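User: Hi! Could you walk me through this one?

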Amino acid sequence: MEYSEMRVDFLGAARVIDNFIGGVMEPYSYEDYLRDFVNCSSCFLKKSNGKLYKKPESEAHGEYDCASDEYKLDFKLFASQSRLQAAKILSPSIQEFMPSVIGFGLPEKHEGVPGYKPITYSIPHAVFRSLIWNKMIEIREKKEKEDVLEKDVSQIIKIFETKKNIMLFFPYNFNFDSNDNFEQGRKLAIDGLNADFKYLFQYRMDRLPEYDTYVSFIYEKENFVITKWTGDKLEFVEMIPVYRSSLYCELWHIAEG
């Protein structure tokens, strides 16, 4: 298995955009299934002394998204704003009319709708892979961003300035056409994140070394992988089967039929 054989596929609007599925579907957020996975994690349960993490009753004062008495962390989507916006308005709409009765419709924006025009969006791992340290800092410090790419770069850097423990959810599925070495494939995925975002992680470590930084992603469709920045690189922490979150599986199965 080679790095060049790895695919990195966006998970799609249903699993990433809050309340994308309409109709009788209960209101939901990607944060809800991340909390499910955290509550199945031996790493995080050890930090909380075995107590489950809870959703805040309110986020009016910047409360953590996932909290126990002993440990707290915030969730952030590790994605560009332009990619999320494109997913929201260009993906076919989904309605749940009643349990197990699903309808699909036209996207919010499509050809033939007045005012429609193609949308340009950036892919974070492609952008930061070729972005040197000095250019990254220059974009962050510019008062006026020139284009979509610069706006996305600045937005993602701001996420790394969060003064909390954070879990970044990279909403992509790392996969291979032929995966004959499961652990090696997972290592290649983590190595890719390290290579593409090394300056971002260093940026956060330089400014906020007192806060923990976790990165999670989907591997081969059925696995939720948790990694942690150690100060030198991302290292594997734990892998949890996605079936441990009924919400994640429901969103996945509705979106993919």
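Analyst: Happy to. The lining of the largest pocket has three nonpolar residues, one polar and six charged; Ala, Val, Leu, Ile, Met, Phe, Trp, Tyr, Cys and Pro count as nonpolar, Asp, Glu, Lys and Arg as charged, and the others, Gly among them, as polar. This is a predicted model: local features need pLDDT of at least 70 and side-chain atom pairs 80 or more, while totals for chains, interfaces and linings use all residues. Residues are numbered from 1 along each chain as its sequence is written, and side-chain values use heavy atoms, leaving out hydrogens and water.

User: Which residues line the largest pocket?

Analyst: Glu183, Arg186, Lys187, Ile190, Asp191, Asn194, Lys233, Leu234, Glu235 and Phe236. Two or more each come from α8 (182–207) and β10 (234–241), with α8 giving the largest share, six residues. Helices (H or I, at least four residues) and strands (E, at least two) are DSSP runs, numbered from the N terminus.

User: New topic: is Tyr28 buried or exposed?

Analyst: Tyr28 is buried, because its relative accessible area is 4% and buried means under 20% (1.4 Å probe, protein chains only). Its place is the loop between β2 (21–23) and α2 (30–38).

User: What does Tyr28 touch, beyond residues up to four places away in sequence?

Analyst: Ala14, Ile17, Asp18, Asn19, Phe20, Ile21, Leu247 and Leu251, where contact means heavy atoms within 4.5 Å. Leu247 is 219 residues from Tyr28 along the chain, yet their C-alpha atoms are separated by 8.5 Å.

User: And how far is the backbone nitrogen of Phe20 from a polar atom of the Tyr28 side chain?

Analyst: That distance is 3.1 Å.

How values were computed
1 Å grid on protein atoms, 1.4 Å probe; cavity = no way out; pocket = protein on both sides within 12 Å on 5 of 7 lines; lining within 4 Å. Buried < 20%, exposed > 50% of the residue type's maximum accessible area, 1.4 Å probe, protein only. Polar contact = N/O pair within 3.5 Å; in protein donor to acceptor, adjacent residues only side chain to side chain.
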